[in-house]
Amino acid sequence: MRERVLVAMSGGVDSSVAAAMLVREGYDVVGATMKLGCHGDELPDRPCCSLESVNDARRICDQLGVPHYVLNLETAFGRDVVTDFVEEYARGRTPIPCVRCNTFTKFRDLLHKADAIDARWIATGHYARVRDGVLHRGLDPAKDQSYFLWGIARPVLARMLLPVGGQTKPETRAIAHALGLELIAEKPDSQDICFVPDGDHAKVIARELGADTPSLSRGPFVRRDGTVVGEHTGYARFTVGQRRGVPGGFREPMYVVEIQPATRAVVIGPRAELLGKGVVAREVNWLVPAPPVGSEIEVQVRHRARPARGTLVHVDGDAIEIALEEAVSAITPGQSLVLYDGSIVLGGGVIERSRRALPVRAA
Amino acid sequence: MPDFVYLDHAATTPVRPEVLEVMQPFFGPRFGNPSSMHRWGREARTALDEARERLARALGAASDEVVFTSCGTEADNMALLGVWRARSASGRRAVVTTPIEHKAVLAAVHQIGREGGEERLVGMQSSGLVDDESFDALISDDVAVCSVIWVNNEIGVLQDVSSLAKRANARGVVFHTDAVQAFGKVEVDARITPFDVLSISGHKIGAPKGIGALFVRRGTAIEPLMFGGTQDRGRRPGTENVAMAVGLARAAELAVIERVHEWAALEIRRDRLEAALLSCIPDAVIHGRGIPRAPHIMNISVPGVDSESMLMALDLRGIACSAGSACQSGSITASHVLRAIGVSPDLASSAIRMSLGSMTTDACIERVVEVFPTLVAKARRLTPA
């Protein structure tokens with residue numbers, strides 16, 4: 001009896017090739033495209049989430065000779081991902097909705113659908129690898145997407161197949177051509193967040209919370225000492241480390257170094273003020289047995305950042321604190337802190353804050 | 001046991017061999033345009049006129065009361081928009097319909113709203129029947145047209161069209177009924193039932209997709225939706241689809257001949273299916289049960305079992321059913337019909353429609369009775385109560 005796998009298909013090249021590879025390997029493949037938002041004609045050029053993408057996924061499945069379904073996960077996605085996204089901005093943070101989509105939508109809700117059709121496996125087009133129940137970085141450092149996968153429940157690893165994670169993007173495209181999947185072989189990579197048209201997240205916040213919501217209302221630019229140095233049109237338009245839209249006229253370039261939602265203040269400062277020696281994260285999820293306090297760990301505070309060395313200095317419930325060996329720039333609340341050991345993803349959490357001074361090491 | 005079970009006849013049916021046969025010549029030697037004066041044209045025109053007469057006879061109508069359309073949706077649109085546009089200038093600016101109509105009617109009613117008309121929705125009983133008091137209150141002398149679906153396409157509930165049509169007529173309101181699911185099941189005869197306008201669709205009764213028809217009683221004012229030549233007295237310009245008109249006429253004749261026997265045969269199988277499923281799943285709810293229903297549609301909700309997963313699981317076992325209404329992407333949204341008759345969102349989101357027809361054998365029923373409860377039991381193990 002061939003083992004059944006539910007493949008999450010966006011209509012893009014990675015998930016299409018993932019499905020094709022699994023068919024070739026002899027799995028009983030069932031394709032599914034998640035409907036996460038409105039499929040109107042408003043986003044015709046978007047690489048994913050458009051009606052055209054659903055149709056592409058369906059046609060690829062037809063070509064592969066496997067069934068395809070469109071699953072309506074709109075309500076849960078709205079609750080778990082979109083609502084959290086706008087609320088995080090309201091809290092002065094910079095969320096990564098893709099992490100929550102992976103955690104809750106793909107590898108929880110979609111997994112329930114897999115259960116309903118007796119699928120032993122669930123597969124996606126992510127560039128990451130699972131070996132013996134352990135999550136590893138994608139083999140291609142240019143495409144590695146493991147940063148976005150730290151939140152999935154550990155038992156799910158045993159059911160995950162990530163067929164493209166062991167190859168480069170050009171290799172994936174070559175397979176698409178070799179298998180005759182010309183429909184999608186040269187599709188551009190998706191860049192933006194699927195529910196944020198034109199990368200303009202303020203539009204989504206305005207739609208969900210109203211255009212006059214505090215995070216989109218005027219507020220002051222201030223220095224660390226509280227000096228007001230200008231006015232901005234909404235702190236949700238800023239993220240830590242940002243230069244664009246920050247007032248000029250200072251001796252050195254100025255960056256956003258903190259957002260203070262209570263006063264709507266965007267704190268700016270020179271590059272030195274961006275440096276953090278420690279980082280606190282919450283909602284921590286371990287994909288391996290939790291390491292003890294004092295463990296040396298590699299950490300990554302944003303996608304594609306070079307891993308930094310640190311020490312796990314504190315654990316308190318689902319919160320952890322890492323002391324960094326060398327200062328890291330622009331540690332941003334709301335982004336993910338992902339913990340690695342070489343290629344192995346140990347776990348991760350949502351960044352709560354950075355520490356400018358070195359945290360005190362626990363005994 | 002059959003490997004594949006098609007229980008979605010309310011979505012569409014295969015073209016009947018008898019229908020395909022009579023259409024065939026019109027894709028070949030008898031290709032003429034009915035508007036041409038030469039022999040090819042005459043031949044096509046004769047075939048078209050004959051098809052119109054035969055369809056009219058099947059509806060208890062005169063042939064000038066039959067308009068061929070491209071589908072049921074076009075027929076519904078023409079009925080609503082055509083009649084409203086013809087009558088609204090004289091002060092009848094309102095339109096009355098039910099919230100359980102097919103989208104083809106509801107969307108046409110919204111279009112009337114955009115064109116300045118007043119939309120009125122009749123209240124429904126929880127059984128799925130029109131609330132008579134509400135209907136009578138809304139049908140006043142400022143209403144141009146009202147529309148009530150004869151057999152609901154999701155739950156099969158049968159409205160008392162005869163009584164509703166009489167009450168509408170008494171107030172000078174044009175009465176339209178969407179009979180897309182009714183035709184071939186209930187007696188549709190314009191000499192017996194006083195509807196003014198009625199829509200049917202070919203592909204629900206063994207004719208191809210792409211043909212429908214509208215009955216328009218003599219004397220009913222109606223505007224065309226399209227403008228062009230004088231085909232069909234100018235009511236429906238565009239070169240007629242002769243082959244499909246011939247096919248629709250044949251399918252309609254067969255449907256009328258077989259109607260009584262078909263009803264009985266479908267009813268027996270549906271009742272057996274319902275009884276078997278209810279005995280295995282005692283808390284299942286069959287919508288419209290105990291209410292006058294057409295025999296080919298059964299809509300079942302199993303509390304706590306979401307229809308999307310269930311439909312996938314059924315399809316992977318070779319059983320084709322449907323749920324709610326599919327959106328453009330193909331995903332399912334909870335049924336507006338069930339919501340309109342007060343079914344809870346949870347129960348509505350677990351609704352599955354099984355619709356029986358020409359491809360339904362006793363073995364099909366047995367197969368579903370075997371598979372469906374197993375899938376339900378499994379779904380319930382996965383979903384902690």
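Leaving aside neighbours within four places in sequence, which residues is B:Leu80 in contact with? In this predicted model, the contacts of B:Leu80 beyond that range are B:Val95, B:Val105, B:Ala108, B:Val109, B:Ile112, B:Val145, B:Ser147 and B:His176.

B:Leu80 also belongs to the largest nonpolar core, which holds 229 residues. Together with A:Val7 and A:Leu22, B:Leu80 touches the most other members of this core. The element that gives the most to the core is helix H7 of chain B (residues 242-280), with 13 residues. In soluble globular proteins, nonpolar side chains tend to be buried together.

Within chain A, the packing of two helices was examined. The axes of helix H1 (residues 13-24) and helix H5 (residues 169-178) of chain A come within 10 Å and cross at roughly 60 degrees. H1(A) and H5(A) are therefore oblique to each other, and H1(A) passes H5(A) in a left-handed crossing. On the H1(A) side, the meeting residues are A:Val13, A:Asp14, A:Ser16, A:Val17 and A:Met21, while H5(A) contributes A:Thr172, A:Arg173, A:Ile175 and A:Ala176. This contact has five nonpolar, two polar and two charged residues.

The contact of chain A with chain B takes 14 residues from each of the two chains. On the side of chain A, at least two residues each are supplied by strand S2 (28-35), helix H2 (51-64), strand S3 (68-72) and helix H4 (97-116). S3(A) provides the largest share, four residues. By class, the residues on this side of chain A divide into nine nonpolar, two polar and three charged.

Conventions:
Residues numbered from 1 in each chain as written. Chains lettered and ligands numbered in written order. Predicted model: local features only at pLDDT ≥ 70, side-chain atom pairs only at ≥ 80, totals over all residues. Core = buried A, V, L, I, M, F, W, Y, C linked by C-beta atoms within 7 Å. Buried ≥ 20, exposed ≤ 12 C-beta atoms within 10 Å, placed from the backbone. Contact = placed C-beta atoms within 7 Å. Axes fitted to C-alpha atoms, helices over the stretch in contact; angles between N-to-C directions. Parallel < 35°, antiparallel > 145°, perpendicular 65-115°, else oblique. Left-handed = near helix turned anticlockwise from the far one by under 90°. Nonpolar A, V, L, I, M, F, W, Y, C, P; charged D, E, K, R; others polar.
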